[in-house]
Amino acid sequence: MTEFTYLAVDRRGREKSGRLRADTIDRARAMLDGKGLAVLKLEQGREADGGDRNGKGRPLLALRPRRLSAKGLTLFTRQLSTLAQVSPLEEALRTLSRQTEGGPARAVLANTHMGVMEGRRLADAMAAEPRSFPPLYRAMIAAGENSGSLPVILERLSRLLERQAAIRSKVITAIAYPAVLAGFAVLVVVALMVLVVPRVVEQFDTVGQTLPLLTRIVIGISDLLAHWGWLIALLLALGGLAAWWILQREGPRGRFDAALLRLPVLGRLIRDLHAARMARTLATMVASRLPLLDGLALTAQTVHNRVLRRASENIVEAIRGGGSLSAALRRAGVFPPLLVYLAASGESAGRLDEMLERAAEYLEQEFDTFTSAALAMLEPVIIIAMGGIVAVIILAILLPILQLQSLTGL
């Protein structure tokens, strides 16, 4: 039997701590669950009670960085949306906190449940975990609580997050697969230049003949990589760190983001993805009868591209001054014409949420089509490029051999 220390909360949201003996940590967790305790911390042979505090009396557990991942937040929202339709909110949160296996995620949900049990609104309880629940998310939860339509808002939020997760997965796939393939190709070429070429070149040292130009070039590159490869790698790493440091400053970052948007293909993809995300978020907020200005202001804070962020902030100011959404989008000059046109049509017909939803679907479909075509073309291009480089290396090795054969008359 092993002794475990625990920190948990009971059904009334009160903090409990103590020790218990069990064969395994899973058995100890099951014993606590059987007592109606939501485990926040469970460790072997260490203090987990309230006496383990820092100088300010705050539990050390609270100092640990904890948050729900994007995937975890999406799953939590879908599950809470389902449970909130058939059970009280407190019971739904208790169920979700108990069934969550991850330590940080379990602590986040238990803390949220504790806040609701103490009498706070769900949005206020979530505000205690700002790393897990973004401001826009909490604003929509608060609007749902104020209007008495929390289950409906949760359903719309879950659909929004699931769609954003799908787009994010496609973006990662579009970036990761070519990067891995290109990285492997570079490793193969470097291995050939560092390990294979020097061994073959040793055979030509005693020939006494001038080697072909291509062979001399390949040998020079091979020597450079073999003797100074570490320096090249160090300089590349330092260059990457310097670029990262420079891009933390507002001026260079703004110029860099503006240059990205001017790129022929990548710039359009960035604009379309941002426009689709904003259109889908605003469509959800308008359908939920939430303030449009609040949604725009909160969405602008999450935009990483500085040019698009300033454009979003300018739209907020224009609407606050009495302008329409479509006119503000048109003056910004960085949004697709389709979004501007559909926003204007939605405003004139009183169907803004539907038109914004259609714009988001069209832009996302266009992104899907482009990435599928790009991935289908990029794979053979990388393979052909790698094959061409390997062919050049092999040719550089064969040329001296053919030259020797011609000199000997074979």
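Student: Let's start with rings. How many aromatic pairs are there?
Tutor: The count comes to three aromatic pairs. Keep in mind that this is a predicted model.

Student: How do the rings of Phe133 and Tyr137 sit, in distance and angle?
Tutor: Their centres are 5.8 Å apart and their planes are at 35°. That angle falls between 30 and 60 degrees, so the pair of Phe133 and Tyr137 is tilted.

Student: Are those two buried or exposed?
Tutor: Phe133 has 0% relative accessibility, so Phe133 counts as buried. Tyr137 is at 3%, so Tyr137 counts as buried too. The cut-off for buried is under 20%.

Student: Which residues make up the aromatic cluster?
Tutor: Phe76, Phe133 and Tyr137 form one cluster.

Student: Let's zoom out. How many helices and strands does the chain have?
Tutor: The chain has 16 helices and three strands.

Student: And what share of the residues is buried?
Tutor: Of the 410 residues, 38% count as buried. The accessible surface of the chain is about 22500 Å². Carbon and sulfur atoms hold 61% of that surface.

Student: What about contacts across the sequence?
Tutor: Take contacts between residues at least 6 apart in sequence. Of those, 58% join residues at least 24 apart.

Student: Pick a helix for me. What is the span of H13?
Tutor: Helix H13 covers residues 306-320, which makes 15 residues. From first C-alpha to last, H13 reaches 21 Å, close to the 21 Å expected.

Student: Which of its residues are buried?
Tutor: Quite a list for H13: Arg306, Val307, Leu308, Ala311, Ser312, Ile315, Val316, Ala318 and Ile319.

Student: What do the buried residues of H13 pack against?
Tutor: They pack against four helices: H10 (250-262), H11 (266-287), H12 (292-300) and H14 (325-332).

Student: What happens at the start of H13?
Tutor: A side-chain oxygen of Asn305 comes to within 3.1 Å of the backbone nitrogen of Val307.

Student: And what follows H13?
Tutor: Gly322 follows, and the phi of Gly322 is positive, near 110°.

Student: New topic. How many salt bridges are there?
Tutor: The structure holds 17 salt bridges. One of them joins Glu155 and Arg159, with the closest N and O atoms 3.4 Å apart.

Student: Where do Glu155 and Arg159 lie?
Tutor: Both lie in helix H8 (residues 150-201). They are four residues apart, about one turn of the helix. Glu155 is partly exposed, at 22% relative accessible area. Arg159 is at 44%, so Arg159 is partly exposed as well.

Student: How about Arg253 and Asp257?
Tutor: Their side chains meet in a salt bridge, 3.2 Å from N to O. Both residues lie in helix H10, four residues apart. Asp257 is at 2% relative accessibility, so Asp257 counts as buried.

Student: Next, Arg280 and Glu364. What is the N to O distance there?
Tutor: Arg280 and Glu364 form a salt bridge at 2.8 Å, N to O. Arg280 lies in helix H11 and Glu364 in helix H16 (residues 352-408), so the pair ties together parts that are 84 residues apart in sequence.

Student: Are Arg280 and Glu364 buried or exposed?
Tutor: Arg280 is buried, and so is Glu364.

Student: Which residues are linked with them in a network?
Tutor: The salt-bridge network links Arg163, Lys170, Arg280, Glu357, Glu364 and Asp368.

Methods. Residues numbered from 1 in each chain as written. Predicted model: local features only at pLDDT ≥ 70, side-chain atom pairs only at ≥ 80, totals over all residues. Heavy atoms only, no water. Helix = DSSP H or I, 4+ residues; strand = E, 2+ residues; numbered from the N terminus. Expected span 1.5 Å × (residues − 1). Buried < 20%, exposed > 50% of the residue type's maximum accessible area, 1.4 Å probe, protein only. Contact = heavy atoms within 4.5 Å. Polar contact = N/O pair within 3.5 Å; in protein donor to acceptor, adjacent residues only side chain to side chain. Phe/Tyr/Trp six-rings, centres within 6.5 Å; stacked < 30°, edge-to-face > 60°. Areas by Shrake-Rupley, 256 points an atom, 1.4 Å probe, with all protein chains shown as cover. Salt bridge = Lys/Arg side-chain N within 4 Å of Asp/Glu carboxyl O.
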